[in-house]
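Student: I would like to learn how to read the features of a protein model one at a time. Could we look at one together?

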Amino acid sequence: MGADLDRATIAKAYARWAPVYDFVFGAVFERGRNAATAAAERIGGRILEVGVGTGLSLPDYAQTNGVIGIDISEPMLRKAHARVAAEGLDHVHGLSVMDAEHLAFPDGTFDVVVAQYVITAVPHPEATLDEFARVLKARGEIVLVNHIGAETGFRRAFEAGFAPVARRLGWRPEFPWARLNDWAERHPEIRLIERRPMPPLGHFSLIRFAKLAGSRDGNGSGAARPSRVG
Ligand SMILES: C[S@@+](CC[C@H](N)C(=O)[O-])C[C@H]1O[C@@H](n2cnc3c(N)ncnc32)[C@H](O)[C@@H]1O
């Protein structure tokens, strides 16, 4: 995992991205975003979108949900605020500057936690996922869309070589699937329920984790073991 991302580098990177983010990353990641919001909609209710950025996906949630968005980057969130005001998105109940690794919500607050293109941009992905599981209600889902690093071959070598530049741009390209799978296996209350390849080039995945019925709020109990997918 080596020299890793830190919050200051990420905040600086996304302050630079904010003015051009929608132009550069709007269309290219749209299919993944749509798949994630559709998955969240199947559960509905109280939805937390982590790393909401400029709020590109906020118009896609139904008005019947209550969506809260958080992000570490104030310049990105300013764009999201403007979108909510311009489009009258009354289902967005709050947008706050917050660190995904230290969520200021009680255990078991949300029906769904969504994070699109975020988990490879945080300093500590596993600790961040622990927070997602903590604030999730039993029977709720964590919905991620993310780049998954190659295990072998040219793409793996390219991703390793590109990593130092990518970190300055605000993400980590070499993120093996095993990190997510191993995280789930350490959490008896969490079950991996879907991994679906996403464009561009299928290098991204939609990933869904369920929090088992009967597990306590928080992230520390449950009986069944998660299954392996992918
Ligand atoms: C690649 S962008 C994705 C934005 C949005 N989800 C989308 O689909 O367009 C990653 C976002 O994660 C945010 N982020 C990175 N680290 C974070 C952290 N520790 N806590 C909260 N947000 C974070 C960044 O500021 C940025 O807005």
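Tutor: Let us begin with a single residue, keeping in mind that this is a predicted model. Val24 has its place in helix α2, which spans residues 21-25.

Student: Is Val24 buried or exposed, or does it fall in between?

Tutor: The general idea is that buried means under 20% relative accessible area and exposed means over 50%, with partly exposed in between. Val24 has a relative accessible area of 35%, and therefore counts as partly exposed. Together with Val20 and Phe23, Val24 forms a nonpolar patch on the surface, and the accessible area of these three residues comes to about 310 Å².

Student: How many helices and strands does the chain have, and what pattern do they follow?

Tutor: The chain has 7 helices and 7 strands, and along the sequence their pattern reads α-α-α-β-β-α-β-β-α-β-α-α-β-β. The chain has 230 residues, of which 53% count as buried.

Student: In what order do the strands stand in the sheet?

Tutor: The order in the sheet is β3-β2-β1-β4-β5-β7-β6, an open arrangement of 7 strands with mixed pairing. The strands β3 and β6 (190-198) stand at the edges, and because each has a single partner strand, one side of each is left without a neighbour in the sheet. From one strand to the next, the twist averages 15°.

Student: Which strands could I take as examples of parallel pairing, and how many bridges join them?

Tutor: One example is strand β2 (residues 66-71) with strand β3 (residues 92-97), which run parallel and are joined by 5 bridges. Between these two strands the chain passes through helix α4 (residues 74-87), and this β-α-β crossover is right-handed. Within the pairing, Ile70 stands opposite Ser96 in β3. Another example is strand β4 (residues 110-116) with strand β5 (residues 136-147), paired in the parallel sense over 6 bridges, where Gln116 has Val145 in β5 as its bridge partner.

Student: How should I read a salt bridge, and how many does the structure hold?

Tutor: The criterion is a distance: a side-chain nitrogen of Lys or Arg must lie within 4 Å of a carboxyl oxygen of Asp or Glu. The structure holds 10 salt bridges, and one of them joins the side chains of Arg83 and Asp22, at 2.6 Å from N to O. This pair links distant parts of the chain, since Arg83 is in helix α4 and Asp22 is in helix α2, 61 residues apart. Arg83 counts as buried because its relative accessibility is 15%, whereas Asp22, at a relative accessible area of 29%, is partly exposed.

Student: Which residue forms a salt bridge with Asp111?

Tutor: The partner is Lys137, with 3.3 Å between the closest N and O atoms. Asp111 is buried, with a relative accessible area of 18%, while Lys137 counts as partly exposed at 28% relative accessibility.

Student: Where in the chain are Glu194 and Arg208?

Tutor: Glu194 is in strand β6 and Arg208 is in strand β7 (residues 204-211), 14 residues apart. These two residues form a salt bridge whose closest N and O atoms are 2.6 Å apart. Glu194 is buried, with a relative accessible area of 16%, and Arg208 is also buried, with 13%. Through salt bridges that share partners, Glu141, Glu194, Arg196 and Arg208 are joined into one network.

Conventions
Residues are numbered from 1 along each chain as its sequence is written. This is a predicted model: local features need pLDDT of at least 70, side-chain atom pairs count only at pLDDT 80 or more; totals for chains, interfaces and linings use all residues. Side-chain values use heavy atoms; hydrogens and water are left out. Patches are made of residues with over 30% relative accessible area and no salt bridge: like charges are joined within 9 Å, nonpolar side chains (Val, Leu, Ile, Met, Phe, Trp, Tyr) within 5 Å. Accessible areas come from the Shrake-Rupley method with a 1.4 Å probe; for residues, only the protein chains shown count as cover. Helices (H or I, at least four residues) and strands (E, at least two) are DSSP runs, numbered from the N terminus. Buried means under 20% relative accessible area, exposed over 50%, partly exposed in between (1.4 Å probe, protein chains only). Two strands pair if DSSP finds at least two bridges between them. A crossover is right-handed if, with the strands pointing away from the viewer, the path from the first strand over the helix to the second runs clockwise. Axes are lines fitted to C-alpha atoms, for helices over the stretch in contact, and angles run from 0 to 180 degrees between N-to-C directions.
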